[in-house]
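Here are some notes to read alongside the model. They go through the cavities, then a sheet, then the aromatic rings.

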Amino acid sequence: MNPNLHVFIDEGRIFTSLNASSLPALIPPVPRPWNSYLESDSSPENIKDVLTTQWAYKTRPWFPLIPENPVFDGAIFGCLNHSFYSLPIEPTSDGRHILRGDVRRAWEDLEQKLLWCRTCLAQNMAFPWYGQQPRTPADYGYTRSHVDVKLAKKVALRSHNAFLGIAALCAYFIMHHLESPTNSPSKWTSVLTKDPQCPIPSAWVVELSRTFVRDFTNAIPRTGTIINSAHSLGWDSDVHMFERFNVPIWVYWPPNGVVGKRWKHHAPCAEAIVVATEKSLWGTQSDGWGEQSDANPWGAQFDANPWGPLTDGDPWADRANDPGSFQLNDPQPISNADAESRPDPSFFPKPEAGSGRKPGEDWQQFFARRAAQHKEKEEKETPSQRSACLNRIEMVGQKLPGRSSKVKVFEWEPQDEHNGFLLRKAVTKANIEGVWGNYNKFTRIYDSFANQWDLCLALNPDSEPDGDDREDDDDIMPPLLIRGPSNVPPPAPCSFSQDIYRYFGQDVSLSSRHTGIEGLVPVLHHHFGYRLNAPTSAPLYGSIRLEEWIRKMTWDHVRKLLGDSTTETGMIAEPQRNSIIYYISYLVNLKDTELDTIPPDVWDLGPHPSLPIAHAHIRVSYADLSQRRFYIIEPRESPTLVVWILAVPDPITAVMCLRRNWGSDMREIALALLKRGMSFKTLQRMAVAPTLRHPLTELRTYTLGHRASPFRAVYADYAVYEQLRHEFMNRPRARAAFLHGGLVWRLALHSLGFDHLPSVLDGISTEAVPFGYLLFWNGQTYYDDGLSDEEIDFICGTYYIEKSQSTDIVSWWPRPNAWDASGLNLGFWSAHCEDWFQKRLDNIREGVSRVRHSSASDANGPMTSTQWKRSLKFNPGTNKMMQNMSAACYDHMSRASVWTDT
């Protein structure tokens with residue numbers, strides 16, 4: 001036996017589990033086995049029946065993944081943060097009631113997004129062909145109006161719970177993506193973010209991964225499932241996957257069952273069963289009458305039976321456990337003292353004729369007395385009588401008795417004049433339909449001997465009446481088989497972004513949690529040289545202009561100046577914020593000749609820099625290649641494993657590498673730069689004469705062309721541009737767009753995605769030598785892929801508008817001359833950059849006219865360079881800050897040695 005196996009005994013039944021230390025609080029009745037002829041099972045279809053642990057069903061492999069206590073918060077599920085009492089209901093024009101409009105629209109939006117995620121995640125995923133998908137929340141009626149407020153709330157709450165079914169199915173597919181040996185852990189996120197029809201922003205997917213949909217840790221307990229070891233599931237292999245992801249699994253071992261290979265790891269040994277049996281007898285087992293409770297003095301409820309569990313020795317156990325009927329077990333004995341203290345029957349209402357209730361007998365005593373009578377009858381029953389009784393129970397179920405039915409129905413009604421005493425009264429056949437829906441399977445008891453129903457709310461006063469579902473159950477469509485991606489329309493692309501903005505605020509970056517986009521603290525240190533242990537009371541350089549600038553600046557302004565657009569207000573304490581503001585005031589206001597006045601305990605550069613040129617893993621030197629300075633990064637000791645030379649043109653990037661501890665692997669260092677949108681070259685020395693280069697006219701020209709004035713671009717033009725850009729990015733030399741950095745890098749990334757980045761470092765393309773970038777150094781020639789100015793303009797979506805005496809140049813995205821002078825250009829792709837990029841995408845998709853000669857405003861269309869510079873100005877201090885940083889880093893790197901290519 002597995003040493004980690006837990007063995008449990010409950011009502012004489014044996015259960016085992018490898019990852020659960022106790023049994024579920026409630027074990028439902030054993031269901032009917034799979035019907036191979038009908039290809040169906042008895043799995044519950046209503047979501048309210050599966051919010052607790054269920055038996056394993058062939059058609060519902062997602063049942064075990066329903067969270068036990070889901071927390072509805074965050075950017076995605078916050079709209080579901082409602083209880084029965086807080087659900088807002090509003091009246092309709094025809095006097096009915098419906099979920100309030102804003103909440104209803106938020107639920108509809110979330111439902112569409114989850115269904116879309118389910119559709120994307122299900123692609124190429126194995127799923128039982130007979131598997132049943134959960135009903136959608138809309139199927140349960142929250143979009144419809146109802147006769148009263150109470151019913152509208154209960155229907156909305158039922159729809160609210162239905163979101164858990166879709167979430168569980170999404171979790172099932174995500175778990176399969178994670179479990180697949182051919183998939184990387186991020187494969188499931190790529191499926192969502194790279195869907196060609198509706199790519200979901202990565203920040204939304206990250207938020208989804210932090211909810212109960214993806215969180216498979218112990219922090220999110222799941223309902224799990226109980227498996228009958230006597231039957232196969234059809235998805236047996238999923239059980240081991242569930243266990244690895246902390247989903248509780250219990251295996252039930254029926255009497256005389258055969259231990260097969262399927263569940264051999266869950267099989268208990270005889271000794272463990274004996275130990276577990278002793279624990280159950282001396283531990284939590286109560287006497288034969290069941291555990292006493294205030295709600296039910298006749299025993300705790302088990303398996304929908306309010307009269308306590310039946311023992312294995314009871315020949316009628318199966319009948320009592322049937323969810324469609326209730327058989328009464330031994331009653332709680334009434335002592336003589338109780339009989340003596342019973343009040344005078346004259347104080348109670350007179351029993352109705354034919355009700356079978358004795359004078360002064362309350363509902364508890366009535367059911368206890370009848371249970372004793374049933375036990376005597378069971379002992380005297382013949383086999384034929386028993387068979388007839390069981391057949392009657394099966395036929396009756398929980399169905400509403402018809403007009404021709406011979407069954408009698410009694411309702412226990414409170415009597416106001418007798419302090420709410422319950423009186424058993426017969427219900428006429430005409431009125432049965434009117435009262436039946438006020439009860440459910442927990443408050444109805446069928447007497448198979450007398451062929452009578454008792455309707456008594458006191459049996460379970462907190463249960464939900466079936467009548468609350470009656471209006472809507474007839475309208476719920478039957479669940480469909482999942483045989484392939486369902487026909488779900490994609491949500492509006494901007495709706496995902498709106499979830500993030502709505503929850504985090506308008507300043508949040510949609511990709512701020514991507515590893516390539518760092519937070520404010522690492523940006524301050526690695527890119528701007530701020531010492532993390534800087535004193536909070538750093539001396540201020542005596543200058544009126546600094547004091548004026550500090551007085552006007554707010555913390556949010558400084559964060560945006562540094563490229564941060566996330567709400568990290570709680571990360572940095574107030575004294576440290578002041579020190580950072582002082583430091584940035586130096587970089588923005590001082591001249592480059594005054595930078596040596598910055599205190600050395602705040603900045604790692606200056607006249608006596610604390611940042612050494614020597615590095616433990618890399619060597620950084622400089623070289624003037626073709627009259628342009630580059631900084632060459634090489635491993636200090638270990639041999640390089642790439643065929644190219646890493647060269648960065650920006651001294652700020654070179655100094656940033658000295659501050660990092662990225663090791664000596666040139667490919668990993670280059671990939672780190674690539675993920676951050678920083679410009680660099682991968683120079684490869686080639687003994688090829690420059691005369692062998694070919695003119696660019698031999699290449700296919702990618703351009704959006706010249707247009708006659710007046711030209712007004714519409715959204716169809718943007719779609720054509722994106723399609724052409726995607727096509728160009730599949731050309732070999734297009735890898736140069738990733739090396740370019742900045743906005744050109746981001747547009748290339750938008751076409752091919754992050755997964756393409758490692759292939760950029762495989763080396764120069766076949767088009768690099770004849771058409772690419774050529775540099776000279778000490779008589780040697782170095783080649784890399786490069787882009788012409790026309791190709792860069794094309795990537796930015798440029799049109800040339802021909803006028804009578806001039807040509808206007810407009811573009812969907814700012815060209816390098818506008819980008820380089822903008823307040824977004826910090827030498828790396830910041831959170832603020834990504835925030836702006838996503839907002840621009842949304843504006844184009846939602847704001848550009850769809851009609852060529854529409855009078856609608858096209859402020860989101862292509863703009864001239866002047867318009868772009870004005871649009872991207874943001875904080876004017878950015879350019880001055882970057883100029884000072886560049887000057888300081890250039891001076892610092894002049895201490896480095898000159899590169900020698902050996």
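1. Searching the whole structure turns up four cavities of 30 Å³ or more. A cavity here is a set of points on a 1 Å grid over the protein atoms alone where a 1.4 Å probe fits but cannot get out, and its lining residues have an atom within 4 Å of a point. Grid points are joined across faces, edges and corners, and a volume is the space filled by probe spheres set on the points.

2. Some ground rules: this is a predicted model, with local features needing pLDDT of at least 70 and side-chain atom pairs pLDDT 80 or more, while totals for chains, interfaces and linings use all residues. Residues are numbered from 1 along each chain as its sequence is written, and side-chain values use heavy atoms, leaving out hydrogens and water.

3. The largest cavity has a volume of about 90 Å³. Its lining counts 15 residues, with Glu518, Val523, Phe828, Ser830 and Ala831 nearest the centre. Helix α15 (residues 520-528) gives the largest share of that lining, three residues; helices (H or I, at least four residues) and strands (E, at least two) are DSSP runs, numbered from the N terminus.

4. The second largest cavity holds about 70 Å³ of space. It is lined by 13 residues, and Glu45, Ile47, Trp62, Arg135 and Tyr140 are the closest to its centre.

5. Now for an open sheet: five strands in the order β1-β2-β7-β6-β3, with mixed pairing. Strands pair if DSSP finds at least two bridges between them. At the edges are β1 (6-10) and β3 (54-55), each pairing on one side only. β3 runs parallel to β6 (residues 225-228), joined by two bridges, and Trp55 stands opposite Ile226 in β6.

6. How many aromatic pairs does a search of the whole structure find? There are 36, counting rings of Phe, Tyr and Trp (its six-membered ring) with centres within 6.5 Å; planes under 30 degrees apart are stacked, over 60 edge-to-face and the rest tilted. One of them is Phe72 with Phe212, edge-to-face at 5.9 Å centre to centre and 85° between the planes. These two sit 140 residues apart: Phe72 in the loop between β3 and α1 (74-77), Phe212 in the loop between α5 (202-209) and β6. Phe72 is buried at 11% relative accessible area, and Phe212 is buried at 4% (buried means under 20%, exposed over 50%, partly exposed in between, with a 1.4 Å probe and protein chains only).

Methods
On a 1 Å grid over the protein atoms alone, a cavity is a set of points where a 1.4 Å probe fits but cannot get out, and a pocket is an open set with protein on both sides within 12 Å along at least five of seven lines; lining residues have an atom within 4 Å of a point.
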